[in-house]
Amino acid sequence: MTDTSDMGLAEAGVPFREKSAWVAIAGMVVAYGAYFIVVSALPRAGSEIDETLRTIALFGIATVIRLLILGIGTLVIRSGSPADARVPSDERDRAIAGRSAAFAYYVLMAGMIVVGIMMPFNAHGVAITNAALFWLVAAEIVRYGTTISAYRRGWHG
Amino acid sequence: MGFREKMLWASAATTVVIWGWYFWGFVSALEAPIFNVGAELGKFLFAVVALVVVQVVAAIVLALSSPADAQAPADDRDREFALVAYRAAFVTLSVLIATLTVAAPMTIATAPAWLAGRSPVLVPIVISNALLVSLVIAELVRSATVLFLYRKGS
């Protein structure tokens, strides 16, 4: 079994998959962090349609920024450790990915229960949409955070 | 068939039947001229309680029928299958919610057309039910993935 973490440590100090997770977290935090700050600071639009169109436009911009950070970041870390990037995932990588997804899944489930059951009684449509997006981002951050933690702590499943 | 696999079949079957009944009724209620929020809320609460009761009863019956198997801790294979299934369920739920974050604003923007004079309270109720459908589908994907792996691996 190939130990990718050891290869990564030898080549660039940190495993490629851990660096990928850092890039993914950075993309989420920067793009959607800015999105939520802007959305919460803006006053409500004149009509529901204006509010909806503005939400879609801001969400689109945030998504493009996230993809740019992800794409550029991945290119940078790939060029820094090309051999590590080409190594296929081993059992430990798959176990870490599964464990991270399990934690993130529960976060997302809990968030959706709050959003889907409690919010309809005290929030308008765009607020519900933004809350769903917030929990999606939170779950992704938990997923990548768990991945980073597992590599740093040397978790072996 | 092991205890865990039987439990998964029971869980998937009750999920399909009970949530299927609820969402079928919800769509029918949407098509009706008047939408009764109280009645639909009642059906939702009934579905949640029924799901819990049926699954608890199924777990008790299955545990009594094979007590040794029910008490056995999860082995490496069980844990591996569970982790694979979580990944599939998480990806499914994420994709469905990401789709909803785009579709929901469209639903809100076009609400005056499809509401046809009914209460605007329907808009968040429809969105929240779409979220619930996503949760149910993700759980079914999780159960189906583990069941597939058990079948494939047995």
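Predicted model: local features only at pLDDT ≥ 70, side-chain atom pairs only at ≥ 80, totals over all residues.
## What chain B is built from

Let's start with the parts list. Chain B has six helices and zero strands. Walk along chain B from the N terminus and the order reads α-α-α-α-α-α.

So how spread out is chain B? Its radius of gyration comes to 19 Å, while the globule rule gives 15 Å for 154 residues.

## Inside chain B

Now for the packing. Of the 154 residues in chain B, 25% count as buried.

What about contacts between residues that sit at least 6 apart in the sequence of chain B? Of these, 81% join residues at least 24 apart.

## Where the two chains meet

Time to bring in the partner. On one side, 31 residues of chain A make contact, and on the other, 25 residues of chain B do. On the chain A side, the elements giving two or more residues are helix H3 (48–80), helix H5 (91–118) and helix H6 (125–153). The most comes from H5(A), with 14 residues.

What kinds of residues does chain A put on the side that touches chain B? Sorted by class, that side has 22 nonpolar, seven polar and two charged residues.

Note on methods:
Residues numbered from 1 in each chain as written. Chains lettered and ligands numbered in written order. Contact = placed C-beta atoms within 7 Å. Helix = DSSP H or I, 4+ residues; strand = E, 2+ residues; numbered from the N terminus. Nonpolar A, V, L, I, M, F, W, Y, C, P; charged D, E, K, R; others polar. Rg over C-alpha atoms; globule rule 2.2 N^0.38 Å. Buried ≥ 20, exposed ≤ 12 C-beta atoms within 10 Å, placed from the backbone.
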